[in-house]
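Subject: Structure handover

Hi,

Here is the structure for you to look over.

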Amino acid sequence: MVSLRKFKPSPKAKFIYFLRAFNLVFLTLIAFLIAIVMAFLKVEIFDFYLNYLVVASIAIFIIGIIISAIYSNAFYNSVLFEIREDSISKTSGVIFKTIKVIPYSKITNVEIVQGPILRLLGLASLYIHTAGYSGRYNIAEMEIEGIEVNVAEEIRNLILQKIKS
């Protein structure tokens, strides 16, 4: 297989990866904040532990930011997309490495998506659909996330050319 082009997401995509990694920390922090509010409202169970809850919440927040930053950077470094003569592939993963290869002959649809955060960063995601995978749920088999809009358009056009030929 000859590689026509290898590319990575934009460095701005690290922010998107950071937000995804920080989600779990944020939910844990909300649980601690609820406990703190209950302590302030003098719910007996939490009254004694108020100081511990505040310190734990601050510690979870700080540790969460540090871990999220480290993980998002490691994940960014693991992501690699490759446009080949007969397929497109995505390699990613920090703990579990995943390599996904989609032959052009299986691709049915390619769409460019920009949510509000991606739009603010000037980035886009390219969703690649296949007939066997997407089905009735309309889930993309591969997402090429965090790339510049012009790069997304260029890759979409290249894939559409490969599909036609």
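Below are the conventions, the overall build, the strands, the core and the rings.

This is a predicted model, so local features need pLDDT of at least 70 and side-chain atom pairs count only at pLDDT 80 or more, while totals for chains, interfaces and linings use all residues. Residues are numbered from 1 along each chain as its sequence is written, and side-chain values use heavy atoms, with hydrogens and water left out.

**Overall build**

The protein chain has 6 helices and 7 strands. Both are DSSP runs numbered from the N terminus (helices: H or I, at least four residues; strands: E, at least two). Along the sequence the order is β-α-α-α-β-β-β-β-α-β-α-β-α. The chain has 165 residues, and 35% of them are buried. Buried means under 20% relative accessible area, exposed means over 50%, and partly exposed lies in between (1.4 Å probe, protein chains only). The accessible surface is about 10,200 Å², with 65% of it on carbon and sulfur atoms. Accessible areas come from the Shrake-Rupley method with a 1.4 Å probe; for residues, only the protein chains shown count as cover. Take the contacts between residues at least 6 apart in sequence: 55% join residues at least 24 apart. Contact here means heavy atoms within 4.5 Å.

**Strands E2 and E3**

E2 covers residues 80-84. Of its 5 residues, 4 are buried, so the rest of the structure largely encloses E2. E2 pairs with E3 (residues 87-92) in the antiparallel sense, over 4 bridges. Strands pair if DSSP finds at least two bridges between them. A hairpin of 2 residues joins E2 to E3. Leu80 has Thr91 in E3 as its bridge partner.

**Nonpolar core**

The largest nonpolar core holds 26 residues. Such a core is a set of buried Ala, Val, Leu, Ile, Met, Phe, Trp, Tyr and Cys residues joined through side-chain atoms within 4.5 Å. Ile88, Ile107, Ile128, Ile144, Ile147, Ile155 and Ile159 touch the most other members. Elements that each supply at least two residues include H1, H3, E2, strand E5 (107-113) and helix H6 (149-164). Leaving aside residues up to four places away in sequence, Ile144 touches Phe7, Phe81, Ile88, Ala124, Ser125, Leu126 and Ile128.

**Aromatic pairs**

The whole structure has 5 aromatic pairs. Rings of Phe, Tyr and Trp (its six-membered ring) pair if their centres lie within 6.5 Å; planes under 30 degrees apart count as stacked, over 60 as edge-to-face and the rest as tilted.

Phe22 and Phe61 are an edge-to-face pair, 5.8 Å centre to centre with 80° between the planes. Phe22 is in helix H1 (residues 13-40) and Phe61 in helix H3 (residues 50-78), so the pair ties together parts 39 residues apart in sequence. Phe22 is buried at 12% relative accessibility. Phe61 is partly exposed at 35%.

Tyr71 and Phe75 have ring centres 6.3 Å apart and planes at 20°, so this pair is stacked. Both lie in H3, 4 residues apart, about one turn of the helix. Tyr71 is partly exposed at 35%, and Phe75 is buried at 16%. Ring pairs link Tyr17, Tyr71 and Phe75 into a cluster.

**Charges over rings**

The charged end of Arg5 sits over the ring of Phe7, 5.3 Å from the ring centre. Lys8 lies over the face of Tyr76, 5.1 Å from the ring centre. The test needs NZ of Lys or CZ of Arg within 6 Å of the ring centre and within 35 degrees of the ring normal.

Best wishes
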